[in-house]
Amino acid sequence: MRPLEFGWYLPTHGDTTAYGVASAQVAGSTELCERVVLAAEAAGFEYLLIPVGSTCWEAWISGAFMAARSKSIKPLIAARPGYINPVLMAKMISTFDQMSGGRICINLIAGQNENEVEGEGVRYPKEQRYALMDEEVTILKTLWTARGPVDFQGQFHSLKGAIVRPRIVQQPYPKFYLGGGSRQAWEISAKHSDVHLFWGDTPERIRQNIAEIRTMARAHGREDDLGFGMRLQVICRESEREAWDAAETLVKDAGEKLKQDRQTLYVSSEANRRVQELAREYGDLIMPHLWTGITKVRPGAGICVVGNPEQCATTLQQFIDAGCHSFCLSGYLHDEKAERFGRLIRPILAARNPARMAA
């Protein structure tokens, strides 16, 4: 079985304890980012998800600065198709890998919001972006493993005599992550990813999806190479009542306009469609401690584990038992929630999975 690993989220766009309440907002800043990174590292998180939405700070610069301010955590930074020439991207990643001592992993994102993608000058429709992603990841891997100049002729890129220096530190290359619910996303993960992340669902549905994607990976000879994980929110307190109070405070003052905007922001994302479908089908609770409330105020990964330490750990354990080994988590405020996870939840999971993670 794969070792369990945990990632945390870096809110470069700012933080909050209550959507819709001005006094609860924390502006994005270097100080906020550093507090979150240091708290996540101290709590034992292995990787750090750097977001790429239009309200977020630029991910490569943010990730590089935070790597320089930390010692062990690995920034997970997006390689988005059509944004950066793949030879330059390969050189950026190998340089980052060298300068950080092997501390980078790569997030494959085709783009969830078509307006944002178009606003940033990328004119490929989503289906083509997945084809472009496939080609660009193939180029990255080829450049990092080649022992001489690379020629490449594809649908989107043509290279002749391409060479990348410095060499990559992590062999054969850094880990690739992808979170997506469409068949195209699954196919890219089957062919290229080290970890496919789901955006919340029932453990049984996750188990079924894992089996299907693993079958797809078998066609590429990668059935045993691909791992799986969950992208979830966490609200944990010493008592269940305190946890639900914090959950309710987070969303109760959000206005209707905010809620409507969030419902329509990622309409082209299959993963987001499934999250919204779960909220409609199950209401507030998918399971006793798996809450859909954040989907009202946040697009994307809005499914949240809520409860006391034992309840949160038990809910996460159900996804571990379903076949997940990687958990990309977040929670408000992100520095405080990282500390609580490391102090309250991680020791329980370590005790239950002693051969798969450090205590």
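Author: The structure has zero disulfides, a disulfide being a pair of cysteine sulfur atoms within 2.5 Å. For Cys 105, the closest cysteine sulfur belongs to Cys 328 and sits 9.3 Å away, so that's too far for a bond. Cys 324 isn't in a disulfide either, with the sulfur of Cys 328, its nearest, 12 Å off. Cys 105 is buried at 3% relative accessible area, and Cys 324 is buried too, at 0%. (Buried is under 20% relative accessible area, exposed is over 50%, and partly exposed is in between, using a 1.4 Å probe and protein chains only.)

Some ground rules: this is a predicted model, where local features need pLDDT of at least 70 and side-chain atom pairs count only at pLDDT 80 or more, while totals for chains, interfaces and linings use all residues. Residues are numbered from 1 along each chain as its sequence is written, and side-chain values use heavy atoms, leaving out hydrogens and water.

Now the helices. α6 (residues 183-192) and α7 (residues 203-218) pack at about 55 degrees, with axes 8 Å apart. Helices here are DSSP runs of H or I with at least four residues, strands are E runs of at least two, and both are numbered from the N terminus. Axes are lines fitted to C-alpha atoms, for helices over the stretch in contact, with angles from 0 to 180 degrees between N-to-C directions. That makes α6 and α7 oblique to each other: under 35 degrees is roughly parallel, over 145 roughly antiparallel, 65 to 115 roughly perpendicular, and the rest oblique.

On the α6 side, Arg 183, Trp 186, Glu 187 and Ala 190 meet Asn 209, Glu 212, Ile 213, Met 216 and Ala 217 of α7, contact meaning heavy atoms within 4.5 Å. The residues of that contact split into five nonpolar, one polar and three charged. (Ala, Val, Leu, Ile, Met, Phe, Trp, Tyr, Cys and Pro count as nonpolar, Asp, Glu, Lys and Arg as charged, and the others, Gly among them, as polar.)

Buried residues of α6 are Ala 185, Trp 186, Ile 188, Ser 189, Ala 190 and His 192. Their cover includes β6 (105-108), α5 (126-145), β9 (176-179), β10 (195-198) and α7.

Over in α5 you'll find Trp 144, buried at 4% relative accessible area. Beyond its neighbours within four places in sequence, Trp 144 has contacts including Ile 93, Ile 106, Pro 174 and Phe 176. Ile 93 is 51 residues from Trp 144 along the chain, yet their C-alpha atoms are separated by 9.9 Å.
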